[in-house]
Amino acid sequence: MEKTKITIAASGLNNIDSPGPGIPVIRGIRESAYFDARIIGLAYENLEPGAYMHDHVDKTYKVPYPSEGSDALMERIRFINSVEHIDVLIPNFDSELYAFMRSADAMLSIGIKTFLPSLKQFEERHKSNLPDFGKKYNVRVPFSKPISSLSDIDRLKEDFDYPLVVKGKFYDAYIAHNKEQAAMYFNRISAKWGLPIVIQEFIKGTEVNVVALGDGFGQTVGAVAMRKQYITDKGKAWGGITLDDQKMLDLTNHIISQTKWRGGMELELIRTEKNELYLIEINPRLPAWVYLAVGAGQNLPEALVKLALGMPVEPYKTYEVGKIFIRYSYDMICDLQEFMKLSTTGEL
Amino acid sequence: MQLKKNIAISETGFLFDPGSGDSYSLNAVGLEILNLIKEGNDQKKITSLITGKYDVEESAFERYLYDFVSSLKHHQILEEDGEN
């Protein structure tokens with residue numbers, strides 16, 4: 001079968017110790033039986049490794065930070081599209097999703113398709129809205145509360161027992177055992193990711209995760225359950241294994257069918273000793289470990305591209321249990337010329 | 001007691017729980033005992049089979065078996081009858 005030529009733009013090329021999902025998503029697409037993809041990387045920083053991984057990324061363009069707003073982003077995307085004629089764009093960072101969702105119609109008008117959650121779906125699964133989400137969709141969630149001031153920490157004892165979890169609105173989470181630690185983490189996270197900070201009840205158990213893809217009509221196109229086997233000091237999985245856990249998959253199907261989730265997602269769950277599952281977070285995009293799903297038999301990045309193009313997709317029903325991923329670091333040797341080109345012209 | 005559903009045991013003594021993702025290594029005797037449990041033998045029968053085969057005091061083996069079974073239950077590899 002001849003593969004369909006296609007141009008796909010993807011961000012999240014920071015394949016570092018806290019990796020973005022860009023390269024794993026691209027690996028899935030590269031292995032597609034249907035698509036012969038030209039990959040356009042969208043980079044925020046000059047040293048995002050993916051920009052220099054020419055086996056994976058054909059051409060990279062620097063793009064403005066999401067904090068500069070949707071207009072600046074769209075202006076740059078329009079220029080890139082005038083050169084590259086992008087068919088599908090896959091944003092892979094939580095922090096940029098809002099800007100891309102707001103620009104989805106504008107992108108479609110110039111021929112760029114996306115497959116993103118709606119603004120409503122994106123907003124209601126926010127960490128700060130998790131208790132309402134749990135109530136609305138009948139999902140067990142830890143009690144949580146957003147705070148915006150250091151002085152709120154003194155009042156936490158009215159609602160929480162220590163330890164509790166201090167979380168940033170996009171990234172980072174720390175367990176605080178007393179109010180001094182809570183204040184320290186409040187300052188650390190708010191300096192990096194802004195306010196509010198979300199305080200969450202600490203649930204004792206094992207963290208397990210699901211990567212999934214919803215078709216936007218309530219159907220789960222694919223879902224793979226995983227447990228982290230090795231966790232870095234940044235809380236990132238450095239090794240993980242696929243699980244045979246029907247309860248996790250049932251919960252995923254329930255959430256996708258109830259919310260009619262559109263796009264990739266990662267569920268972060270805690271399984272308690274009583275085998276209860278608590279939803280602690282929904283990340284509204286494919287996670288950095290998505291290539292494990294590809295390796296286990298579900299090419300979710302490829303399925304996402306098909307959905308974006310409006311192609312029919314047969315849902316995945318199974319995957320291989322006991323598949324392991326082990327992350328590794330690798331020093332690429334690059335010429336100064338390449339770094340200079342990306343730094344000065346914004347293209348590589 | 002019975003082995004939890006889906007537990008995979010290799011010939012080399014590698015044990016994998018696909019529900020939790022946990023894996024364990026058993027030595028040769030541990031593997032032999034686990035296979036006896038899998039076949040449906042109770043602790044009394046296992047004690048009789050092992051003490052008949054190896055040079056070990058029955059009272060000592062019972063103690064070791066009790067510890068081993070407790071450990072298997074702790075790691076949720078074994079379940080009491082009727083839990084599945």
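**Exercise 1.** Classify Tyr328(A) as buried or exposed, then describe the ring pair in which Tyr328(A) takes part.

*Solution.* The model is predicted.
Step 1: Tyr328(A) has a relative accessible area of 62%; exposed means over 50%, so Tyr328(A) is exposed.
Step 2: Tyr328(A) forms an aromatic pair with Tyr330(A), at 6.2 Å centre to centre and 85° between the planes. Angles over 60 degrees count as edge-to-face, and this pair is edge-to-face.
Step 3: Tyr330(A), at 64% relative accessibility, also counts as exposed.

**Exercise 2.** State how many aromatic pairs the structure holds over all chains, and work through the pair of Phe143(A) and Phe160(A).

*Solution.*
Step 1: Over all chains there are seven aromatic pairs.
Step 2: The rings of Phe143(A) and Phe160(A) are 5.2 Å apart centre to centre, with 40° between the planes, and the pair is tilted.
Step 3: Phe143(A) lies in the loop between helix 6 (130–137) and strand 5 (144–147) of chain A, and Phe160(A) in the loop between strand 5 and strand 6 (164–167), so the pair ties together parts 17 residues apart in sequence.
Step 4: Phe160(A) is buried at 5% relative accessibility, whereas Phe143(A), at 37%, is partly exposed.

**Exercise 3.** Give the strand order of the open sheet in chain B and identify the edge strands.

*Solution.*
Step 1: Three strands of chain B form the sheet in the order 2-3-4, with antiparallel pairing.
Step 2: Strand 2 (8–9) and strand 4 (23–25) each have a single partner strand, so they stand at the edges, and one side of each lacks a neighbour in the sheet.
Step 3: Two bridges join strand 2 to strand 3 (residues 14–16) of chain B; Ala8(B) stands opposite Phe16(B) in strand 3.

Note on methods
Residues are numbered from 1 along each chain as its sequence is written. Chains are lettered from A and ligands numbered from 1 in the order in which they are written. This is a predicted model: local features need pLDDT of at least 70, side-chain atom pairs count only at pLDDT 80 or more; totals for chains, interfaces and linings use all residues. Side-chain values use heavy atoms; hydrogens and water are left out. Two strands pair if DSSP finds at least two bridges between them. Helices (H or I, at least four residues) and strands (E, at least two) are DSSP runs, numbered from the N terminus. Rings of Phe, Tyr and Trp (its six-membered ring) pair if their centres lie within 6.5 Å; planes under 30 degrees apart count as stacked, over 60 as edge-to-face and the rest as tilted. Buried means under 20% relative accessible area, exposed over 50%, partly exposed in between (1.4 Å probe, protein chains only).
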